[in-house]
Amino acid sequence: MSVASTPEGRAELVAWLRANRVGRAVMEASGGYERSWAEALRAAGVTVRIVDPKRIRHFAKAAGRLAKNDPIDADTIAWFAEAFPDGDVQPHDPAREEVDRLVQARAALKELEGRIAQQGEHGPPAIVAKALGAIAKTMRAELRKLEAAIAAKIKANPGFARRAEIVGSFPGLADQTAAGVIAWLPELGHVTNEAAAALLGVAPYDDDSGEHKGVRHIKGGRRKLRNLLFMPIMGAATRHNPVLKAYYQRLRAKGKEAKVALVACMRKLIVILNTMLARDQIWDPPARAAA
């Protein structure tokens with residue numbers, strides 16, 4: 001069936017689901033457009049699972065479904081959910097989703113701020129430079145407001161506040177990194193170290209076949225969080241964190257490229273944070289760890 005994306009349409013869908021005794025819904029992530037539908041279905045007692053669209057598309061291609069339209073997509077999503085009934089289901093946490101939306105907004109504004117700054121680097125006409133300066137000033141003010149709102153949300157939630165305290169105790173990580181971990185990697189502290197690295201997307205995957213031994217590559221994972229962590233990890237590995245700095249220097253001394261060494265440091269970081277959160281402990285490495 002097809003219904004309008006309105007409160008009336010959502011009510012119609014809920015009535016249809018109840019009449020047909022449907023207790024679970026699966027949908028693709030669509031940049032936030034799925035959010036109102038997920039909220040309506042959860043309010044009606046329907047379990048909601050939101051899936052990465054790339055996984056659905058790869059599944060369709062593997063099944064030989066090359067055509068794409070709404071009825072085919074709906075059937076493919078349902079088929080995928082039947083084939084993988086227990087994958088990537090996170091408990092619904094409205095408080096975390098509020099932080100998630102604020103952190104996403106800040107990330108988008110930071111990206112826009114970077115674009116504005118780039119335009120000002122190329123000697124634009126005076127009137128353009130003045131306009132860019134005014135926009136940049138406004139954006140900095142709005143960023144401060146967003147960051148204050150994020151901090152308030154985290155402080156108001158004891159669980160989030162403790163997670164932020166633990167993550168923030170790691171030398172080289174600051175408030176926005178802690179907020180990103182809370183928003184985008186809620187599993188941290190509840191999964192194995194291998195799973196934590198895979199969720200972030202810094203686990204190396206084999207590329208072997210027979211006698212061929214390919215170069216290991218990272219794949220998948222939470223790209224938004226990985227991007228957020230890149231600059232902090234660079235600072236931690238080269239200046240601020242004695243454990244990561246020593247590890248980074250050892251890798252570079254062995255001939256590893258700088259980016260490869262930084263990814264390895266990110267993997268080490270997420271394993272350390274996973275352990276700290278699992279143990280509910282702040283940063284307190286043994287003295288020999290920095291040697």
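Predicted model: local features only at pLDDT ≥ 70, side-chain atom pairs only at ≥ 80, totals over all residues.
A crossing of two helices is called left-handed if the near helix is turned anticlockwise from the far one by less than a right angle, and right-handed if it is turned clockwise.

**Helices α6 and α8**

By the definition above, α6 and α8 cross in the left-handed sense. Helix α6 covers residues 126–156 and helix α8 residues 175–184; their axes lie 11 Å apart, at an angle of about 60 degrees. This angle makes α6 oblique to α8. On the α6 side the contact is formed by Glu147, Ile150 and Ile154, and on the α8 side by Gln176, Ala179 and Ile182. By class, these residues comprise 4 nonpolar, 1 polar and 1 charged.

Helix α12 (residues 258–279) packs with helix α9 (residues 193–200) at an angle of about 125 degrees. The two helices are therefore oblique to each other, and their crossing is right-handed. Helix α9 contributes Asn193, Ala196, Ala197 and Leu200 to the contact, while α12 contributes Met266, Arg267, Ile270, Val271, Asn274 and Thr275. Of these residues, 6 are nonpolar, 3 polar and 1 charged.

Helix α12 also crosses helix α11 (residues 242–253), at roughly 145 degrees. The crossing of α11 and α12 is likewise right-handed. From α11, the contact involves Val243, Leu244, Tyr247, Tyr248, Leu251 and Arg252; from α12, it involves Ala258, Ala261, Leu262, Ala264, Cys265, Lys268 and Leu269. This contact holds 11 nonpolar and 2 charged residues, with no polar ones.

| Helix pair | Angle between axes | Distance between axes |
|---|---|---|
| α6 and α8 | about 60 degrees | 11 Å |
| α9 and α12 | about 125 degrees | 9 Å |
| α11 and α12 | roughly 145 degrees | within 9 Å |

**The second largest pocket**

Helix α4 gives the most, with 7 residues. In terms of residue class, the lining consists of 16 nonpolar, 2 polar and 6 charged residues.

Conventions. Residues numbered from 1 in each chain as written. Heavy atoms only, no water. Axes fitted to C-alpha atoms, helices over the stretch in contact; angles between N-to-C directions. Helix = DSSP H or I, 4+ residues; strand = E, 2+ residues; numbered from the N terminus. Parallel < 35°, antiparallel > 145°, perpendicular 65-115°, else oblique. Contact = heavy atoms within 4.5 Å. Nonpolar A, V, L, I, M, F, W, Y, C, P; charged D, E, K, R; others polar.
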